[in-house]
Amino acid sequence: MKFLLRATLAASMLALAATGHADTWPSKPIHFVVPFGPGGANDLVARYVAEAASRELGQPIIVDNKPGAGSVLGAEIVARSAPDGYTFLAPAAGVITNAMIKKSMPYKEDDLVPVVFMAVSPSVIVVPPDSPIKDLKDLVAQSKKGKGLTFSTAGTGSTPHFVAAMLQHKGGAKLDVIPYKSGSEGVMAVIGKQVEATSEGSPVVLPQVKGGKLRAIASTWNRRVAALQDVPTAQEQGFPDLVIGHWSGLFAPKGTPDEILEKMNAAVNKALKSAELRAKLIPQGIDPQGGSREDFRKFLASEKARLGPVAKAAQMQAD
């Protein structure tokens, strides 16, 4: 009986401590861990959102780049961090797709709690400017000639790899998928004509398209890229299943108090609605999102249900 009373008292004290902590949060700098190197779409989104949200919260938000193991390294760091509201993860789709292609993971799926959906950088399928391929139907037709069309990706399980898999298993394309270490390397391979096509996030390809070094033939989100309004979506071209984007969200370690998660969600939502932040994101082809924690959970569940069969059909396995 005494043990039960002590346990109940201890639990009550912990709950009170968490509530008190949430009331004063944040009282020091917050960290956003980006599980990729600097300069990519996720890094840009994290930095822009961190700057705007820090003004709402009254504390600096520091972005820490922790690349490695297909984003698993950074995710593990956050999963093992103290659930005190001072460490968050700003990942891409790998946070749900890595478990589909890796035999084991160093943390459990529920060790990371969804906080807010920040933005989507639609994938854009590109070819060299002098390529005979004008649209997705051309790409499929050209791919069926000879050994198949070469298509670079940012590695196994990356968003470009999922685009290639969807083109193959849903669109009937015959592709020779060539993995590179990063999306920028895959794009440079198309510019240098080592490969015939690729897909990458709009912020990566947009400067090259506008500079005449690449030609965009399709975007792969559910609406056209604001900065590439003349480029039709894959759905508009008769490929209804080819929908995917380089999305970015925010996660916290399991056990972080709900009050803190709600405060961060509100701060990011307010930041995403600001004219200043939207003026930075939209011209780069980045689509601000936002919404409740439940909205984000529903999006993640739908993506897992949709992308799992794609990974299985493509027999994706970690390099």
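Predicted model: local features only at pLDDT ≥ 70, side-chain atom pairs only at ≥ 80, totals over all residues.
Residues are numbered from 1 along each chain as its sequence is written. Local features need pLDDT of at least 70 and side-chain atom pairs count only at pLDDT 80 or more, while totals for chains, interfaces and linings use all residues; side-chain values use heavy atoms, with hydrogens and water left out.

Start with the aromatic rings. Rings of Phe, Tyr and Trp (its six-membered ring) pair if their centres lie within 6.5 Å. Planes under 30 degrees apart count as stacked, over 60 as edge-to-face, and the rest as tilted. By this rule the count comes to 7 aromatic pairs. One of them joins Phe117 and Trp247: the ring centres are 6.3 Å apart and the planes stand at 85 degrees, so this pair is edge-to-face. Phe117 lies in strand 4 (residues 112–127) and Trp247 in strand 9 (residues 245–253), so the pair ties together parts that are 130 residues apart in sequence. Strands here are DSSP runs of E with at least two residues; helices are runs of H or I with at least four; both are numbered from the N terminus.

Are Phe117 and Trp247 buried or exposed? Both are buried. Buried means under 20% relative accessible area, exposed means over 50%, and partly exposed lies in between (1.4 Å probe, protein chains only). Phe117 also pairs with Phe296, and this pair is stacked, at 5.6 Å centre to centre with 15 degrees between the planes. Here too, distant parts of the chain are linked: Phe117 is in strand 4 and Phe296 in helix 11 (residues 293–313), 179 residues apart. The relative accessible area of Phe117 is 7%, so Phe117 is buried. Phe296 has 0% relative accessibility and counts as buried. Phe117, Trp247, Phe251, Phe296 and Phe299 form one aromatic cluster.

Another ring meets a charge. The charged end of Lys28 sits over the ring of Tyr86, 4.8 Å from its centre. A charge sits over a ring if NZ of Lys or CZ of Arg is within 6 Å of the ring centre and within 35 degrees of the ring normal.

Now follow helix 11 to a helix partner. Two packed helices are described by the angle between their axes and the distance between the axes. The axes of helix 4 (residues 94–101) and helix 11 come within 10 Å and cross at roughly 35 degrees. Axes are lines fitted to C-alpha atoms, for helices over the stretch in contact, and angles run from 0 to 180 degrees between N-to-C directions. Helix 4 passes helix 11 in a right-handed crossing. In a right-handed crossing the near helix is turned clockwise from the far one by less than a right angle; anticlockwise is left-handed.

Which residues of helix 4 and helix 11 meet? Ile96, Thr97, Met100 and Ile101 of helix 4 meet Leu300, Glu303, Lys304, Leu307, Gly308 and Ala311 of helix 11. Contact means heavy atoms within 4.5 Å. By class, this contact has 6 nonpolar, 2 polar and 2 charged residues. Ala, Val, Leu, Ile, Met, Phe, Trp, Tyr, Cys and Pro count as nonpolar; Asp, Glu, Lys and Arg as charged; the others, Gly among them, as polar.

Asp43 lies in helix 2 (residues 41–57). Asp43 is buried, at 4% relative accessible area. Beyond its neighbours within four places in sequence, Asp43 is in contact with Val34, Gly37, Pro38, Val63 and Asn65. Thr159 belongs to helix 6 (residues 159–169). Thr159 counts as buried, at 9% relative accessibility. With neighbours within four places left aside, Thr159 contacts Ala93, Ser123, Ile244, Gly245 and His246. Tyr180 sits in the loop between strand 6 (175–179) and helix 7 (183–191). Its relative accessible area is 24%, so Tyr180 is partly exposed.

Finally, look at the backbone. A cis peptide bond joins Trp25 and Pro26, with omega about -5 degrees. Pro26 is in the loop between helix 1 (2–24) and strand 1 (30–34). Ser71 is not a glycine, yet its phi is positive, near 85 degrees. Ser71 lies in the loop between strand 2 (61–65) and helix 3 (72–79). Ser71 counts as buried, at 5% relative accessibility. Gln315 also has a positive phi, about 50 degrees, although it is not a glycine. Gln315 lies in the segment after helix 11. At 66% relative accessibility, Gln315 counts as exposed.
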